[in-house]
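Here is my note on this model. Please read it with the structure open.

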Amino acid sequence: QSFCDAVENVQKVVDELSMAGYSDLSMWVDKVNSRVGAVLGSRLEQALCMWSEAYGLSTLSNSKKTKKCGNPVKIPKISVEILLRNQEISAQPSVPATRSLFLDELHAYIGIVCTL
């Protein structure tokens, strides 16, 4: 939330400077855009790194990692009931529904960065 507020404040400053008619505004805005893009990109990379490490999906070995990803992600607990009826095994919730729940969590997690 605080990063979103900072971006809104920068936008207000840019609007005020634009109304004042500053000539070098486009150059300054390009610099600010690249800095904000770099910060958002690094936050997204860190979030995806933490998510993949939480699920054991990291492809980098410990010797190849250049930096630690940070605090682990809290994995939501989902109770899956496995049933055997009439010689048929089923799971409640189903595998696609469970996958959907985890992907919804991932979407919400990276949405913090991507929905600015």
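The points below go from the overall fold to local details.

1. **Basis.** This is a predicted model, in which local features need pLDDT of at least 70, side-chain atom pairs count only at pLDDT 80 or more, and totals for chains, interfaces and linings use all residues. Residues are numbered from 1 along each chain as its sequence is written, and side-chain values use heavy atoms, with hydrogens and water left out.

2. **Fold.** The protein chain has three helices and two strands. Their order from the N terminus is α-α-β-β-α. Helices (H or I, at least four residues) and strands (E, at least two) are DSSP runs, numbered from the N terminus. Of the 116 residues, 14% are buried. Buried means under 20% relative accessible area, exposed over 50%, partly exposed in between (1.4 Å probe, protein chains only).

3. **Loop between β1 and β2.** Asn-86 sits in this loop with phi near 50 degrees, a positive value in a residue other than glycine. Gln-87 lies in the loop between β1 and β2 and has a positive phi of about 60 degrees, though not a glycine. Most residues other than glycine have a negative phi, and most peptide bonds are trans. Asn-86 is exposed, at 78% relative accessible area. Gln-87 is exposed too, at 82% relative accessibility.

4. **Cis bond.** The peptide bond from Gln-92 to Pro-93 is cis, with omega near -5 degrees. Pro-93 is in the loop between β2 (88-92) and α3.

5. **Val-80.** This residue is in the loop between α2 (25-54) and β1 (81-85). Val-80 counts as partly exposed because its relative accessibility is 44%.
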